[in-house]
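Here is a short note for a colleague opening this entry for the first time. Please read the points in order, with the model on screen.

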Number of protein chains: 2
Amino acid sequence: MVKYMVKDTVNITNNPVRILVVGCGAVGGFYGSRLAKAGAEVTTVNRSDYDIVAKNGIKIDSIDGNYHFKPHGVIQEVANYKYFPDYILVALKSLPQLDIASIIAPAVGPNTTIFLLQNGIDIEKNIAVKFFNNEIISGLAFICVNRTKPGKIIHLCHGKLVVGTYPKGNSSAVLKLAELFNKSNTPCRISDSIITERWRKLIWNAPFNPISVLTQTDTQQIMAQPGTVALVRSIMEEVCAVAASVGHILPSDVIDKNIADTEIMRPYKTSMLLDYEGNRPLEVEAILGNIIKTANKNGVLVPRLETIYEMLKLLVRNRA
Amino acid sequence: MVKYMVKDTVNITNNPVRILVVGCGAVGGFYGSRLAKAGAEVTTVNRSDYDIVAKNGIKIDSIDGNYHFKPHGVIQEVANYKYFPDYILVALKSLPQLDIASIIAPAVGPNTTIFLLQNGIDIEKNIAVKFFNNEIISGLAFICVNRTKPGKIIHLCHGKLVVGTYPKGNSSAVLKLAELFNKSNTPCRISDSIITERWRKLIWNAPFNPISVLTQTDTQQIMAQPGTVALVRSIMEEVCAVAASVGHILPSDVIDKNIADTEIMRPYKTSMLLDYEGNRPLEVEAILGNIIKTANKNGVLVPRLETIYEMLKLLVRNRA
């Protein structure tokens, strides 16, 4: 049982929606800025870049027009937040070594909705177990956005969100969140089956992220040869089979559509390759490891996923 | 039908055995030197390092003791050789872009035995078709040897050879060759089933060479985690299944033995990784592509081999 800390838990009705952004990198900073544009009272947790962001906020060079995001509050530790927010937006990486439940715990009040805007699969379970009285919103960002230096974000393309209640359905909290995003020109679709959406996104991430890192290539280079495209398709088929084994049946044209979309994309470096090049940790477990665990549990053969997973771990373990 | 050129084809009985080494890198230079030690008249074809080798020969720093190899003759082109040799030792890489039959053609006489000392599988066929009246000896080198600069070879460990007539059996030419090597303290075993031996060597090369390149690791790093060892084993099983499909049944303990041998090896960079780091071409087809062709022809599933094959090609195609 979670013991809530004693704080001001009541958000008076005419107060703006209070949102705490935990993980204020490119994704957290960008979507936080959009919620602020829509009128929410957004506070960000910044550690390494606290001084710069507290002083100057975040400059966002966006394809939608450049703007400046000055959070309502900038804090160094979650524990320094003086309210229980309406929403905690978690935009931290999905990494085994990050105990997100403990990180956000000081700010989770009885009415706080936890919004997990992260990659991968099976990233909600720990949070849902620990905060079983709180609503969890699971969300996916389809965006290309980079933090180029402290206090500076570049938004290159897309920006769409898909959100839904974990493990399924939706709620007034989901509706309110989607409304805020849509109000700030940030298309946000509500899904009653957000886990199916997670699997659908993995169809792309599971092959392209690891292959791009292991071969140091962008999407155009990967798509340039029929043999590699065939490999990508085979990996996507493995992901579909695992998704089906846990009841998430993806549309029959999902692979064709992913391939077609990637063919017309501008050359794109995956976020995992950018993380690798920047010597940052990679979301290997969230993107690959958790699929393989599920596959093994359900007797689904995934030899290609296992091959790229083991090689990716080997590469990361030994990188300079 | 091959038309032989008009040359002095008769090697008078009391003449030493005449050997032409085509591909005088680390392997060709080393084994050529051993044949010379045994009394053979060894001529080497040197292109980029002709001046240095013609003048000074090759210095060989060997674990068996250092020595100096001064070939009987050093030539720049195969066509410059003035005899038809008893043996042509081919120690060129197995690369699709290298037309070895055409390269050696000017020196192949009616009594010339062609000795292919190369890696991979299905590397003899083209030569056997073109020179169907000549004996082909197929050979495998188990050695760690590097050419560190023109005219300089370092022999780090092992050195054993396995040789046999292609496609199987042996002959007086094989016996004579093995005798020369053994005479110069270079253990040479004769196999009646050299293609089975090639498959047996591929058991190791097919996983370790590509994995080492894709993950930039040495054997010790690859062997450090159970998951990676399991991947290596699975790839070895795929190779065994393909070998079996073409009638080469490998011993049931071949995988355990390869794993055990690798575990006690000193950390070792595969030759493919050294080639990659040196920006030289890799033997991707001989080591992987030809296995996969055979697998596809015989309906053997090799998902892991296909995965590493496609990624390796992708990596090589886009390397800086």
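1. Surface. Chain A has an accessible surface of about 13,800 Å², and 52% of that belongs to carbon and sulfur atoms. Accessible areas come from the Shrake-Rupley method with a 1.4 Å probe; for residues, only the protein chains shown count as cover.

2. Ground rules. This is a predicted model: local features need pLDDT of at least 70, side-chain atom pairs count only at pLDDT 80 or more, and totals for chains, interfaces and linings use all residues. Residues are numbered from 1 along each chain as its sequence is written, chains are lettered from A and ligands numbered from 1 in the order in which they are written, and side-chain values use heavy atoms, with hydrogens and water left out.

3. Overall build. Chain A has 12 helices and 10 strands. Helices (H or I, at least four residues) and strands (E, at least two) are DSSP runs, numbered from the N terminus. The radius of gyration of chain A is 19 Å, close to the 20 Å that the globule rule gives for 320 residues, so chain A is as compact as a globular protein of that length. That radius is taken over C-alpha atoms, and the rule is 2.2 Å times the number of residues to the power 0.38. Along the principal axes, the C-alpha atoms of chain A fill a box of roughly 60 × 40 × 35 Å.

4. Burial and contacts. Of the 320 residues in chain A, 58% are buried. Buried means under 20% relative accessible area, exposed over 50%, partly exposed in between (1.4 Å probe, protein chains only). Take the contacts in chain A between residues at least 6 apart in sequence: 72% join residues at least 24 apart. Contact means heavy atoms within 4.5 Å.

5. Two copies. Chain B superposes on chain A by a rotation of 180° with 0.0 Å of shift along its axis (RMSD 0.0 Å). The two copies are thus related as by a two-fold rotation axis. Both use the same surface: 100% of the contact residues of chain B recur in chain A.

6. A buried strand. In a regular strand the side chains alternate between the two faces of the sheet. In β6(A), residues 87-90, Tyr87(A) and Leu89(A) point one way, Ile88(A) and Val90(A) the other, and all are buried. Strand β1(A), residues 18-22, runs parallel to β6(A), joined by 4 bridges. Another 4 bridges join β6(A) to the parallel strand β7(A), residues 113-117. Two strands pair if DSSP finds at least two bridges between them. Leu89(A) stands opposite Val21(A), and its bridge partner in β7(A) is Phe115(A).

7. β3(A) pairs antiparallel with β4(A), residues 67-69, over 3 bridges. In their hairpin, with 4 residues between the strands, Gly65(A) takes a positive phi near 115°. β3(A) also pairs parallel with β9(A), residues 152-165, over 4 bridges. Lys59(A) stands opposite His68(A) in β4(A) and has Lys152(A) as its bridge partner in β9(A).

8. A buried asparagine. Asn258(A) is found in helix α9(A), residues 254-264. Asn258(A) is buried, with a relative accessible area of 14%. Leaving aside neighbours within four places in sequence, Asn258(A) is in contact with Ile203(A), Trp204(A) and Met236(A).

Key
Copies are superposed by least squares on the C-alpha atoms of residues with pLDDT of at least 70 in both.
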